[in-house]
Amino acid sequence: MQKPALRGCARRRGTFNAFPLNRIQSSTAPQHALHPELALEGAWRVVVLNDPVNLMSYVVLVFQKVLGFDEPTARRHMLEVHELGRSVVWTGLREKAEHYSYTLQQWHLSAILEPDEAH
Amino acid sequence: MKRIEVKLSLAAVAPLLDVAKLAADSLQNSLAAPPRLDELDPEFRAAWQAELIAAQGTEVAALLALFDREFFSTGVVAFDEANAEIIMRACSALRLRLRAQFLGDVPDDQLESGDVRLAGLTDPVRRAFMCYIFLATIQELILHHLDSVVLGETEAEPEAEAGEEEGI
């Protein structure tokens with residue numbers, strides 16, 4: 001599956017060049033510094049919103065396929081979307097969140113990116 | 001290769017294909033589920049949307065290509081690992097567009113349950129609804145018979161890692 005835009009995104013940010021890991025992996029470095037991208041950009045959430053069209057079984061399959069969930073986890077998130085209108089299906093680095101959001105949109109789910117205020 | 005063949009009634013399906021084609025035509029330059037991309041800069045957002053539209057066009061074309069001259073002579077369509085995923089996505093795109101284009105007056109709960117009183121619908125809306133159900137049936141057939149094929153190659157990394165970062 002082609003995702004050149006996401007590769008473009010990686011080039012655009014270049015956070016690994018700004019903070020090469022070999023500069024911070026010392027025994028005195030704080031644990032959180034092992035994730036310099038989080039320090040620079042914070043964590044991001046991938047949120048799937050409800051729609052009245054896509055079949056429940058289809059959404060479960062997409063969650064399994066795209067996010068690698070097992071069937072019970074996929075079903076739990078699908079029900080959360082259905083009953084609460086939204087479900088946070090992934091939290092982490094911006095670039096990877098963009099990847100998941102894009103791929104879920106390729107499956108025609110309403111997926112959005114949100115900054116994770118908790119981090 | 002796992003493969004399912006479905007024999008359809010030409011008389012029943014042919015009118016629905018006209019509706020599907022109408023919806024497909026309206027998707028040439030727009031997305032069935034327009035994404036909210038507020039967090040992206042304009043240039044990146046444009047590239048993102050363009051790629052989604054291109055992918056959607058490929059999917060819809062693959063679905064419509066199932067109903068070719070051979071289909072109109074045999075009434076048979078086939079699904080296998082080569083087309084299962086793309087056909088399911090195309091069905092989703094067309095269903096979303098049908099809903100937006102023709103079924104806006106049908107309440108969400110009726111659409112979700114399929115419990116719609118057909119006699120209360122105008123002819124174009126009734127045909128759109130029948131097409132909407134037809135496309136869902138194709139999806140259900142694939143989900144029922146070919147889900148392992150679709151899941152055979154997951155796009156995510158192993159679940160342990162996804163779960164670790166999931167944080168829900």
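A residue counts as buried when its relative accessible area is under 20%. By that criterion, 42% of the 168 residues of chain B are buried in this predicted model. Chain B is built from 7 helices and 2 strands, and along the sequence these elements come in the order β-α-α-α-β-α-α-α-α. The C-alpha trace of chain B extends over about 50 × 40 × 30 Å along its principal axes. Among the contacts in chain B with a separation of 6 or more, 79% are between residues 24 or more positions apart.

One such stretch of sequence can be followed from B:Val60, which is found in helix 2 of chain B. The relative accessible area of B:Val60 is 6%, and because the limit for a buried residue is 20%, B:Val60 is classed as buried. Apart from neighbours within four places in sequence, B:Val60 is in contact with B:Ala24, B:Leu27, B:Ala90 and B:Leu94. B:Val60 and B:Ser92 are separated by 32 residues in sequence, while their C-alpha atoms are 9.7 Å apart in space.

Two of the residues in contact with B:Val60, B:Ala24 and B:Leu94, also take part in a helix packing: B:Ala24 belongs to helix 1 of chain B and B:Leu94 to helix 4 of chain B. Two packed helices are described by the angle between their axes and the distance between the axes. Helix 1 (residues 10-26) and helix 4 (residues 84-101) of chain B have axes that come within 9 Å and cross at roughly 90°. Helix 1 of chain B is therefore roughly perpendicular to helix 4 of chain B. On the helix 1 side of chain B, the contact is made by B:Val19, B:Ala20, B:Leu22, B:Ala23, B:Ala24 and B:Ser26, and on the helix 4 side by B:Leu94, B:Arg97, B:Leu98 and B:Gln101. By type, the residues of this contact are 7 nonpolar, 2 polar and 1 charged.

A pair of aromatic rings is described by the distance of the centres and the angle of the planes. Over all chains, 9 aromatic pairs are found. One of them is formed by A:Tyr102 and B:Trp48, with ring centres 5.4 Å apart and planes at 80°. Since planes over 60 degrees apart count as edge-to-face, this pair is edge-to-face. A:Tyr102 lies in helix 6 (residues 94-106) of chain A and B:Trp48 in helix 2 (residues 42-66) of chain B, so the pair joins two chains. A:Tyr102 has a relative accessible area of 1% and is buried; B:Trp48, at 0%, is buried as well.

B:Trp48 also pairs with B:Phe44, edge-to-face, at 5.7 Å centre to centre and with 90° between the planes. Both residues lie in helix 2 of chain B, 4 residues apart, which is about one turn of the helix. Like B:Trp48, B:Phe44 is buried. Elsewhere in chain B, B:Phe67, B:Phe71, B:Phe72 and B:Phe134 make up one aromatic cluster.

Aromatic rings also take part in arrangements with charged side chains. In chain A, the charged end of A:Arg94 sits over the ring of A:Trp44, at 4.2 Å from the ring centre. Between the chains, B:Arg89 lies over the face of A:Trp107, 4.9 Å from the centre of the ring.

Note on methods
Residues are numbered from 1 along each chain as its sequence is written. Chains are lettered from A and ligands numbered from 1 in the order in which they are written. This is a predicted model: local features need pLDDT of at least 70, side-chain atom pairs count only at pLDDT 80 or more; totals for chains, interfaces and linings use all residues. Side-chain values use heavy atoms; hydrogens and water are left out. Rings of Phe, Tyr and Trp (its six-membered ring) pair if their centres lie within 6.5 Å; planes under 30 degrees apart count as stacked, over 60 as edge-to-face and the rest as tilted. Buried means under 20% relative accessible area, exposed over 50%, partly exposed in between (1.4 Å probe, protein chains only). A charge sits over a ring if NZ of Lys or CZ of Arg is within 6 Å of the ring centre and within 35 degrees of the ring normal. Axes are lines fitted to C-alpha atoms, for helices over the stretch in contact, and angles run from 0 to 180 degrees between N-to-C directions. Angles under 35 degrees count as roughly parallel, over 145 as roughly antiparallel, 65 to 115 as roughly perpendicular and the rest as oblique. Contact means heavy atoms within 4.5 Å. Ala, Val, Leu, Ile, Met, Phe, Trp, Tyr, Cys and Pro count as nonpolar, Asp, Glu, Lys and Arg as charged, and the others, Gly among them, as polar.
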